[in-house]
Amino acid sequence: MRKTFFYPLICAILFFGCTEKPSIEGLWVVQSVKMGPEEMTPNGRWMRFNSDRTQTSGNGWFQHSIGTWDLDPKTQKLTVINTNGLDDANGPFVINLSNNEMSWSREEDGNQIEINLKRINQLPATNSEHLLGLWQLDQAIGNGDYFTPSNSSKDYLFFRWNKRFTINTENGRTNGVYNVHGHKPEVELIPYNDQLSRSFWTIQVKQESLTLQMLNTDSTVTRTFKRIHDFPK
């Protein structure tokens, strides 16, 4: 009888004593960033916390920050330092941590900041990564500097990894640089040709199809492409 009583008690003590607390270590993606009533969530923002108290962060497949981290176990205050960035004058974050979700909060310039993160296993893809590659023009609606409704099978748009783009049409080739918005699905095309104006387009990617719609125009100008893996001949 005595043995029967102590056996489950010992098992319970061992179980709860060996239960590990949630750890901040690993890869996390930012789900939302709110400042008061406003939401300003960056696209594909991630952070990786290593066991040696170092950290790296970036957006999409691009890592842009390195540094250290420190978490006070008593106050649950997290300090993140980017050694290649600017000093953070707002103090540590108070965090709430579970196995797969984490929230940060602090005050910045009199405003309450709330950040929610989720644990992930691989780097997230942003709008910039979805654009990468070679796209053949499938349909052109409206008049604009790039492509015409009477397109040919050789018309294409090539987004390179180094933020350069190439447009090829029956009228010749245009090269330039592109910028993808950090919060919205928008891309800015900046041609090297002085006779062409920079333009802004919304991005919509569905599987192997890309649709760009011009923003800085009063008329409807859209360009639809399909992904290809070799330059048209």
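The lining of the largest pocket in this predicted model divides by class into 15 nonpolar residues, five polar residues and five charged residues. These make up a lining of 25 residues, and those lying nearest the centre of the pocket are Arg-45, Asp-88, Phe-93, Arg-106 and Glu-108. The space in this largest pocket comes to about 750 Å³. Of the elements that line the largest pocket, S6 gives the most, with five residues.

Phe-93, one of the residues nearest the centre of the largest pocket, also belongs to a cluster in which ring pairs link Phe-49, Trp-69, Phe-93 and Trp-104. Another member of that cluster, Trp-69, has a charged neighbour, for the charged end of Arg-53 sits over the Trp-69 ring at 4.6 Å from its centre.

The second largest pocket has a volume of about 330 Å³, and 15 residues line it, with Phe-62, Thr-126, Ser-128, Glu-129 and Lys-163 lying nearest its centre. The classes here are six nonpolar, seven polar and two charged residues.

Turning to the aromatic side chains as a whole, the structure holds eight aromatic pairs. One of them joins Tyr-146 and Phe-165 in an edge-to-face arrangement, with 6.5 Å from centre to centre and 85° between the planes. This pair links distant parts of the chain, 19 residues apart, with Tyr-146 in the loop between strand S10 (133-141) and strand S11 (156-159) and Phe-165 in strand S12 (residues 164-169). Both Tyr-146 and Phe-165 are buried.

A further pair is formed by Phe-159 and Tyr-178, whose ring centres lie 4.9 Å apart; because their planes stand at 75°, and an angle over 60 degrees counts as edge-to-face, this pair is edge-to-face. Phe-159 lies in strand S11 whereas Tyr-178 lies in strand S13 (residues 172-180), and therefore the pair ties together parts of the chain that are 19 residues apart in sequence. Phe-159 and Tyr-178 are both buried.

Note on methods:
Residues numbered from 1 in each chain as written. Predicted model: local features only at pLDDT ≥ 70, side-chain atom pairs only at ≥ 80, totals over all residues. Heavy atoms only, no water. Phe/Tyr/Trp six-rings, centres within 6.5 Å; stacked < 30°, edge-to-face > 60°. Helix = DSSP H or I, 4+ residues; strand = E, 2+ residues; numbered from the N terminus. Buried < 20%, exposed > 50% of the residue type's maximum accessible area, 1.4 Å probe, protein only. Lys NZ or Arg CZ within 6 Å of the ring centre and 35° of its normal. 1 Å grid on protein atoms, 1.4 Å probe; cavity = no way out; pocket = protein on both sides within 12 Å on 5 of 7 lines; lining within 4 Å. Points joined across faces, edges and corners; volume = space filled by probe spheres on them. Nonpolar A, V, L, I, M, F, W, Y, C, P; charged D, E, K, R; others polar.
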